[in-house]
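Hi everyone, thanks for making time this morning. I'd like to walk you through one structure, so please have a look at it while I talk.

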Amino acid sequence: MSAIADIRPIPTAGIAALREQLSSGHDMWRSLDEIARTAEFLRFVEAEFPALADRLPSRLDRRTMLKVMGASLSLAGLTACSKARSIVPYVRQPENVVPGKPRYYATTLSSDGFGIGAVVESHEGRPTKVEGNPDHPASRGATDAIMQAAVLTLFDPDRSRTPLKDGEPAAYGDFLGDMAALASRLAGSGGLGAAVLMEATTSPTAKVQVEALRAQYPRLKIFRHDPLATTAGAQASMALFGKALMPVYRFDRAETIFSLDADFLGEGPGRLAYARDFAARRRVRAPNDSMNRLYAVESTPTITGAAADHRLAMRPSEIEAVAAALDAVLGDQANSTPSIVDPAWMAALTQDLRAAGAKALVVPGSHQSAFVHACALAANAKLGSVGSTVEFIESPDEVRSDGDLAALCSAIADHSVDTVVVLGANPLHTAPSDLDVHNLFSELKLLLHFGLYRDETALHAHWHAPAAHELESWSDSRAYDGTASIVQPLIEPLFGGKTIHEILAALSGRFDADALALVRQTWKALDDTAWRKALRDGVVPDSASKPVPITMAPDLGGLQHHPVTANGFDIRFVADPWLRDGRYANASWLQELPRPLTKLVWGNAALMSPASAERLKLENGGIINIAQGTSNIDAPIWITPGHPDDTVTLSLGFGRKIGSVATLAHGYDAFRLRTSGANWVAAGATIVAREGKAEVITTQHHQAMEGRAIIRHTSLDGFRENPGFVREGVPRMPTESLYPDWNYDEEAWAMAIDLSACIGCMACVSACQSENNIATVGPDECARGHEMHWLRIDRYYSGPIDTPDLFFQPVPCMHCEKAPCEVVCPVNATVHTHDGLNAQVYNRCIGTRYCSQNCPYKVRRFNFLDHQSFDKDEAGPEQAVHNPNVTVRSRGVMEKCTYCVQRISARRIQAQIENRDIVDGEVVTACQQACPTRAITFGDQNKRAAKVVQEKSAPHNYALLEELNTRPRTTYLGKIRNSNPKLAQLGEKTDG
Amino acid sequence: MPQVFSKSANGVARFVVWATCAALLLAIVIGIALPRSGFVTGVGQAVAQPVPFSHKHHVGQLGLDCRYCHNGVETSSSAGLPATEVCMTCHSQLFTNADMLAPVRASLASGHPLEWQRVNSVPDFVYFNHSIHIAKGVACETCHGEVDDMPLTARAHSLNMGWCLDCHRDPQPNLRPPQDVFLMHWKPPDDIARIRRSLISLLDIHPETMTDCYVCHR
C-alpha cells in the first residue's frame, strides 16, 4: 500500500472550493491536503507513524503470529555480545596523527565546474564530514547539501572499480597500452579525427594541459558537454561589452534587488556567498534596523522567490516581456505594449530601484535568454549600480572549446571525427533528445570514457577508466569570483581511480605523470612556503579576478525581444537541486533529502499550478503525457501553489537506469524531452491527462503540528510599530509547572533560529545527517513517514492558493526544560542532563514510542528497521562514512536531535583539560556550521554575553507552542518581510 | 487401603525440598558471582599476544614511562598503541636477534602491522576518553592496575558500567595530583584527604554532572 494510492483525492471541483476557503483567511497551511482535510493528511496527523499495521498481513493467522513471535524471541538477548578484538597500531605512525583525534584538511569541491572551498574532517585517514572553508570566498564557512554528500559518494560501493574494455573488466596496463597506441596515432596524424569531450571545469591545470594537447596535436578537437550550462549570459555580455564577462554580485551592498527569474540563493557557483550577504542585510533586531527588499519574478517556485518580499509567478516565455517593460520604464520610454505586470507593482518596483540607485541590483536568471540578461545589465547600468552591486570579471580559466555536444555529433556524422575521449561527462544520459548520440557513438572507431561510475556512456564505450573522486584527487579550481584554490586528496584512490590530469597527460603520451606534480607545475609561481600555505588555507592568496571596467553598447547590443506566441504549455526545465543532471543520483542522502519547496523525495514530478491542474481535472500523482516536438514523456503531476499557470516544471536528474540507489527512485527522465535549442525553456508543449496514478513520495504531511501559531510573521513596518508582534493573539506561557525546576549551574545550551534568515536550502538537514550517522530508509519507508532526519524544515504557505507566501521553519529537538518526552518513558531512556539537554540513551530504549507520542513538536524518529548493518563484512565500504563519535543506532530504538552532544563533549573535554570555561562560539552544531545564512545560533544561555542570549533577547523571539509550558531551549525569531507599504495599500497581503 | 507412600518417602520428600532450596541458592550464588568473576569479566586473565610483551620488564624493571608507547593518552580519547617503529627504536639495538621479537621485525620489514589482542575494552557505544581522566588526576594504575607487575598484561578491573559509575559518582577516593598520574605504586601522602578535597575544586570537577548519560554514551 502506498501513501498516495489510498489518498482520498482532492475533489477536482475542490480546488475552487479550496480557493474559496483560503480567501476567507485560513492562515498557515502546509499543503492542499491539509486545507481539504484529506484522508492522507489526517492519517499522518492522527498517528505520527501511521503505517505500522501495514507491515503485517491484514488478518494475522496463527502461523504468522508464531513466526513473528519466534523471531522476536530469538532476537532478544542477542545484543551486547562483543568479543575482545585485536588492536592494530601503525607500523610507521605518520607525523602529527594521533589516533582518536580528527584532522582537518582544506580542499575544494566542484559545483558545476566552479570551486567551493571545504574543510574535510578525517579520522585516521578516513574522511567523514565536509565543512565549509571560512577563508574561501565561495563558501565562507558554509556548505550545501551536495557538498555534505561528497563523503558518501566517495565510499559509494557502486563506483567504478576497474577499467572496462568493451564492458568487460580489464587491466589498467592494457588500458594504458591502448592509450599509448592512441597517442602515437594522434602524434602521427596531428590529432586528425580525434576529439575530446570535456565537462565544465575551471581547473587551471586542466586548461594548461588542454592547451598543451592542442599545441601537440593541432587537429585535435576539444568539445564541451555540460548539460547544465547556461550560455545566454555570455552571449549578452558579448553583445553589450564585446567580450564574455561574468557578473559577480555584491548583495552586501544592495538595498533593492530585483530578480528576473534568478534563483541566486539556490543555483550558481556563488550561491553560498550570495545567500550569506543577502541574509546579512535582513537581520532585524531592533526597530531602527533596516532591511534590503527583494522583488522576484519567476517562472517556477524557487527558494529565492520564497525569500522575496514581493513575488510574481510568470510563464517562462513572459519573463522577456517583464525585462522589456523594466528596460522601457527605466529608459523613460513610453511603453507602447500593455505591460503584463500589474502597473502598480511595476511602479513600486521602479520607484524602489531608482531610490536605491547605485544600491539597486537587477539579477537575471542564468537560464534566461540573452535579451533578459541584456535588459538586466542595462538596468544596472542605468541605475548606476555597475561597479557597486555588480562587478564584471573575465571568465575564470575556462577551457577553450570547439563547440558543444551538437557540434561533436555533426562532426561524427560527417566522419571528420572517429575517435572520442569522453572525460567525466555522460552524454548518453544527458544529451538533448534530438541528438542521436547512441547511434553516432556506435559508429566511432574508438570511444574512451573516463568517469566515476559505470554509467550509460561507460557501458557503451570501447574503454572505460575509473576516475578518482574529488576527495582522492590532486587538482585545482576557481571560484565564482576567480579565486583559485587547490584540490588536495584526503585519501588514496579507493578503487584505483585516476585524475583527469593523469588521463590528459596519458593522451599526450606521458603515462607516468603524477597529478600532484602537474598541479604543482601550474602553480610554480608559489614557492614551497606559499604552496603549503595555499594548501593549508584552501585558497591561493590574491587570485580573485579583478573587476573589469566596462563600456555598454547602446540599444541592448542589438538583442531583441522575441514575443512567444506558441499555444499550449511552457516547459521549464530545472536541474534537481540535489541530483543536478543525475550525477549524484546514487547518493541516498540526496535522494532522501526533501526538495525545498515540494518536499518530494526519491523521485520527481511535473510541477503545475492549481489552476492548470484544475483545468486538466487532475489531482496530485495523476499522470500526464507531455509532448514537445517529436518526443513525449509520462510524468505524475504535483500541484504546486505559486506555480505560474500554463507552465509545467520538469526536473532533470531522475529516471536513471543505472546505480543501485538511483534505480530505487521513482520519476521520469526529463532529458528525453529536452532539445538542443531549448535547454531550459520550451514553449508550445501539449499536455494530455492519462489514466492512472503514480506514486509521488512527499514528506510534507509528516510530523505536522496542527493549526497553531507556529510561524509568526509581520512586515518591517509592522515590526517597527509592534516589535513584540510574536506575542499578539497567542496564548500566554503558563508560569507555573507541576514539575520541579532543574538547576543549570554549569552550561545551559540553547539555540535560536532566525526565520527571516532561513532560506530553506536544506543544508542543515544534510549536515545533520552526515554528522549524526542518520540512516536513509528508502522510498517505501519514506512513504510511510519513517524518514529519520533529526532536523526537518517545515514549509508553510499562507494566503491565496495561487499566489501564496512561503515560509520555512527548521525544526530540531526543542530540548524542553519541562520535556513531555522525559516523563513518559517507562525505562528512563530519555533523561534530562545538567546542562538542559534531553539525552536519549539508545541502550536503555525498548521502543515503546511513548516519548514520540507525547512530543508536541514531533521531532523524534524511530528505527523501524535495521537501516545500517552492524556486520562489518556485510556493511560494505559505505560504513566508512560514519562519524566514529556517534553511535550507529539499531532497530527498535528512538533517536532525535542531541544538539550535537558529541561536539559539546569534545569541546568540554578540551576546555576541561585546559582548565577553563567553554568560550562562546566554541561549540558549533552541525546545522549551524553548514548554514549559509547563519540563521542558527547556538550557545550557553547562562553566559550573559553569549550570542545566543543576544538573539533570544530580540523582541520577536518566541518559542513554539509555548502555551504547553514545555519551555523549549530552541526558540525562533519571527519572520519579518520588508513589504512595500504602497503595494500593501493596493490590497496585497503584507503580513506574509 | 494400603499406604501409598512408604515410610522412606518422608525422607525422600525432605531431601527433594532441601535439595531444591540448595540448588536455588547455589544458582543465585553462581548467578551473582559468575558475572563478577574473572572468568566472565576477564579480570586477571592474561591474554596471549603475538609477542609476549612484558610490562613488568619494560615498566617495572627498565622504568619506561607509560607515554613512551601510549603517546596519545594526554591529548586524545585513545591512549594509542606503539607503532612497530617505536618498538624498533630500542630493538634495532637490543635483542636484535631474539626469536621472541621476530614478529616485530617482520612487521617492520613487511609493513604489515602487529595485531595485538585487546586486554581492556569497553563496548562500542561507550565513548571513553583517556585525556580527560589524565588531566583530572585519575592515574593509569587506578584503572589498569599495577601493570609493572604483569609479565603478560591482564585486565585489572571489570570495566563494567557499575565500576565506572562508582568513581563518576564519587571520584574523590581515586584522585591524585595530576603530576603523579603516571607513577606506579604511588603512596598517598598523609594529608591525602585534604589534597583530594582541594583537587575537586582546583581541577573544577563536578561529580553531579558526571553521571549524565551522554558523558559516556552519544
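**Helix packing, domains and the chain interface**

Let's begin with a pair of helices in chain A: the axes of helix H8 (residues 204–216) of chain A and helix H19 (residues 500–507) of chain A come within 10 Å, crossing at roughly 10°. Angles under 35 degrees count as roughly parallel, so H8(A) and H19(A) are roughly parallel to each other. Keep in mind that this is a predicted model.

Which residues do the two helices use to meet? On the H8(A) side they are Thr205(A), Ala206(A), Gln209(A), Val210(A) and Leu213(A), and on the H19(A) side Ile500(A), His501(A), Leu504(A), Ala505(A) and Leu507(A). Sorted by class, this contact has 7 nonpolar and 3 polar residues, with no charged ones.

Now stay with H19(A), and turn to helix H20 (residues 515–522) of chain A. Here the angle is about 90° and the axes are 8 Å apart. H19(A) and H20(A) are therefore roughly perpendicular to each other. In this contact His501(A), Glu502(A) and Ala505(A) of H19(A) meet Ala515(A), Leu518(A) and Val519(A) of H20(A). That gives 4 nonpolar residues, 1 polar and 1 charged.

Let's zoom out to chain A as a whole. Chain A holds 33 helices and 38 strands. Its radius of gyration is 28 Å, close to the 30 Å that the globule rule gives for 992 residues, so chain A is as compact as a globular protein of that length. Along the principal axes, the C-alpha trace of chain A spans about 90 × 80 × 65 Å.

The domain assignment divides chain A into domain 1 (245–394), domain 2 (569–693) and domain 3 (713–731 + 748–981). How far apart are the C-alpha centres of domain 2 and domain 3 of chain A? They lie 31 Å apart. Between these two domains, 17 residues of domain 2 of chain A are in contact with 18 residues of domain 3 of chain A. On the domain 2 side, the elements that give two or more residues are helix H22 (588–591) and helix H23 (610–615) of chain A. That side divides into 11 nonpolar, 4 polar and 2 charged residues.

Next, the partner. 37 residues of chain B are in contact with 35 residues of chain A. On the chain B side, helix H5 (84–91), helix H6 (102–110), strand S1 (116–117) and H7 each supply at least two residues. H7(B) gives the largest share, 3 residues. By class, the chain B side has 14 nonpolar, 16 polar and 7 charged residues.

Finally, a word on confidence. The predictor gives the complex an ipTM of 0.90 and a pTM of 0.91. Chain B has a mean pLDDT of 92, and 100% of its residues reach 70 or more.

For chain A the mean pLDDT is 89, and 92% of its residues reach 70 or more. Over residues 1–12 of chain A the pLDDT is below 50, and this stretch has 29 contacts in the model beyond near neighbours in sequence. Residues 72–82 of chain A are also below 50, with 2 such contacts.

Conventions:
Residues are numbered from 1 along each chain as its sequence is written. Chains are lettered from A and ligands numbered from 1 in the order in which they are written. This is a predicted model: local features need pLDDT of at least 70, side-chain atom pairs count only at pLDDT 80 or more; totals for chains, interfaces and linings use all residues. Domain bounds come from an automatic or database domain assignment. Two residues are in contact if their C-beta atoms, placed from the backbone, lie within 7 Å. Helices (H or I, at least four residues) and strands (E, at least two) are DSSP runs, numbered from the N terminus. Ala, Val, Leu, Ile, Met, Phe, Trp, Tyr, Cys and Pro count as nonpolar, Asp, Glu, Lys and Arg as charged, and the others, Gly among them, as polar. pLDDT is the predictor's confidence in each residue, from 0 to 100. Axes are lines fitted to C-alpha atoms, for helices over the stretch in contact, and angles run from 0 to 180 degrees between N-to-C directions. Angles under 35 degrees count as roughly parallel, over 145 as roughly antiparallel, 65 to 115 as roughly perpendicular and the rest as oblique. The radius of gyration is taken over C-alpha atoms; the globule rule is 2.2 Å times the number of residues to the power 0.38.
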